[in-house]
Amino acid sequence: MSDQAPEPAPPRQAQALRRRFWSGPGPSTADATLRRRIKPWEFTVFFDPRELRKETCLFYEIRWGMSHRIWRNTGANTTKHVEVNFIEKFTSERKFCPSISCVITWFMSWSPCWECCKVIREFLNQHPNVTLVIYVARLFHHMDQQNRQGLRDLIISGVTIQIMGFSEYEHCWRNFVDYPPGEEATWPRYPPLWLRLYALELHCIILSLPPCLKISRRHQHQETIFNLSLRKCHYQMIPPHILLATELIQPSMTWK
């Protein structure tokens, strides 16, 4: 299975794209979040499940207590990983009150590495009133056993981790992207197969099963290749509807 992944636009080309397509205002000139939104082409490059871009992009939402107000912002890697940057910024804010319950939702282009998983768990242990939900577009070095264990440890700690679906992509487009006026419904529709394959691999991680998905690219500018290899243990332990959702597995192939 393969599909051609779009390459990041060179600096001059990116500037031309901005001038050509995004010369108008964003969702609304009165939108207080406008300055914190990214460009559509950036969203496409960062969150395409076929693209193996090294940097991580983070969108986050914070809701305090019973309030219906949601604080939104974006983050990226610096000399530290984006997860660490968020935690350090979050705990240093004057508005941070550990005694008030807080729900944080992350939309990430890559899942956290094992080291960041450890930092996240320490943060949550120190702040039991914080609930964290994570949606990811891709699984970071998912065949590495430390990364797999790190994600399992997060889930055991109470963190919800899911692969982004169409509803999450649409949500991010509407709330974190500076899309052109009148194009609120033009969020990118990535091939659903890739989303399902990542969801299948996440189930393998949660169930402590061997990897079933191999992702490779021989050279930077070549297509990304997805190889699916299922063993008997996968058929026996993964819910049939998850396997069948890929549309690569026939009902007669599942083990009873």
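Helix H5 (residues 145–156) and helix H7 (residues 192–206) pack at about 75°, and their axes are 9 Å apart. Those axes are lines fitted to C-alpha atoms, for helices over the stretch in contact, and angles between N-to-C directions run from 0 to 180 degrees.

A word on what you're looking at: this is a predicted model, where local features need pLDDT of at least 70, side-chain atom pairs count only at pLDDT 80 or more, and totals for chains, interfaces and linings use all residues. Residues are numbered from 1 along each chain as its sequence is written, and side-chain values use heavy atoms, with hydrogens and water left out. Helices (H or I, at least four residues) and strands (E, at least two) are DSSP runs, numbered from the N terminus.

Back to the helix pair. From H5, Arg 148, Leu 151, Arg 152 and Ile 155 meet Glu 201, Cys 204, Ile 205 and Ile 206 of H7, where contact means heavy atoms within 4.5 Å. Sorted by class, that contact has 5 nonpolar, no polar and 3 charged residues. Here Ala, Val, Leu, Ile, Met, Phe, Trp, Tyr, Cys and Pro count as nonpolar, Asp, Glu, Lys and Arg as charged, and the others, Gly among them, as polar.

Now the sheet. It is open, with 5 strands in the order S3-S2-S4-S5-S6 and mixed pairing; two strands pair if DSSP finds at least two bridges between them. Strands S3 (71–76) and S6 (160–163) are at the edges with a single partner strand each, so one side of each has no neighbour in the sheet. From one strand to the next, the twist averages 20°.

| Strands | Sense | Bridges |
|---|---|---|
| S2 (residues 57–64) and S4 (residues 102–108) | antiparallel | 7 bridges |
| S4 and S5 (residues 130–136) | parallel | 7 bridges |

Towards S5, Met 108 is bridged to Val 136. S4 is largely enclosed by the rest of the structure, because 6 of its 7 residues are buried (under 20% relative accessible area, with exposed over 50% and partly exposed in between; 1.4 Å probe, protein chains only). Helix H2 (residues 40–47) lies across S2 and S4, at about 100° to S2.
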